[in-house]
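This report describes a single protein chain from its overall form down to selected side-chain contacts. The sequence and the structure come before the description.

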Amino acid sequence: QLLQLSKQKAESQTQLQTKLKAVLKEQSEMEETMKWDIFTVSVERAKKEEELNHHLRLLESERIRQEAMRQERLRREEERRKQEEAKRRMEEERQRMEEEKRLEEERKQQEELQRKQE
């Protein structure tokens, strides 16, 4: 009977050791899976961060391009305004000179008429 108890105990210990090994193996596999899951999440996060940074760089370069275009448009508008102002001044000067010439002609005609009358 003692021998049989001893056999049962040995079998029981063997079964427990087998179950323990299976549980430890399953735990190890779960830990490995969790490590890979964490790694995968980290890689995906890094990719998303890089995509976001790339998008932000694109937005910044577009903002800079838009600002450069705005500055160029303002410069061209200012140049056009200056040219129009110069044209206006030249036209005013031309008209003033024509008026002076006309007045000078009238004065000469008046002098000529006065001379003839005298």
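## Basis

The model is predicted: local features need pLDDT of at least 70 and side-chain atom pairs count only at pLDDT 80 or more, while totals for chains, interfaces and linings use all residues. Residues are numbered from 1 along each chain as its sequence is written, and side-chain values use heavy atoms, with hydrogens and water left out.

## Overall form

The protein chain contains 1 helix and 0 strands; helices (H or I, at least four residues) and strands (E, at least two) are DSSP runs numbered from the N terminus. Helix α1 covers residues 2-117. The C-alpha trace spans about 170 × 10 × 5 Å along its principal axes. Thr14 and Arg115, 101 residues apart in sequence, are 150 Å apart in space, C-alpha to C-alpha.

The radius of gyration is 50 Å, whereas a compact globule of 118 residues would have a value near 13 Å. This radius is taken over C-alpha atoms, and the globule rule is 2.2 Å times the number of residues to the power 0.38.

## Accessibility

Buried residues make up 0% of the 118 residues in the chain. Here buried means under 20% relative accessible area, exposed over 50%, and partly exposed in between (1.4 Å probe, protein chains only). Thr14, in helix α1, is partly exposed, with a relative accessible area of 45%.

The protein chain exposes about 11800 Å², and carbon and sulfur atoms supply 55% of this area. Accessible areas come from the Shrake-Rupley method with a 1.4 Å probe; for residues, only the protein chains shown count as cover.

## Salt bridges

A search of the whole structure finds 21 salt bridges, each defined as a side-chain nitrogen of Lys or Arg within 4 Å of a carboxyl oxygen of Asp or Glu. Arg94 takes part in a salt bridge with Glu91 (2.3 Å, N to O) and in another with Glu98, where the closest N and O atoms are 2.4 Å apart. Glu91 is 3 residues from Arg94 in helix α1, a separation of about one helical turn. Glu98 is 4 residues from Arg94 in helix α1, also about one turn. Arg94 counts as partly exposed at 37% relative accessibility, as do Glu91 at 32% and Glu98 at 44%.

Glu49 and Arg45 form a salt bridge with their closest N and O atoms 3.2 Å apart. Both residues lie in helix α1, 4 residues apart, about one turn of the helix. Arg45 is exposed, with a relative accessible area of 57%, whereas Glu49 counts as partly exposed at 40%. Elsewhere, a network of salt bridges links Glu85, Arg88, Arg89 and Glu92.

## Aromatic pair and nonpolar patch

A search of the whole structure finds 1 aromatic pair. Trp36 and Phe39 form this edge-to-face pair, at 5.6 Å centre to centre and 90° between the planes. Rings of Phe, Tyr and Trp (its six-membered ring) pair if their centres lie within 6.5 Å; planes under 30 degrees apart count as stacked, over 60 as edge-to-face and the rest as tilted. Trp36 and Phe39 are 3 residues apart in helix α1, about one helical turn.

Trp36, Phe39 and Val43 make a nonpolar surface patch of about 310 Å². Patches are made of residues with over 30% relative accessible area and no salt bridge: like charges are joined within 9 Å, nonpolar side chains (Val, Leu, Ile, Met, Phe, Trp, Tyr) within 5 Å. Phe39 counts as partly exposed, at 48% relative accessibility.
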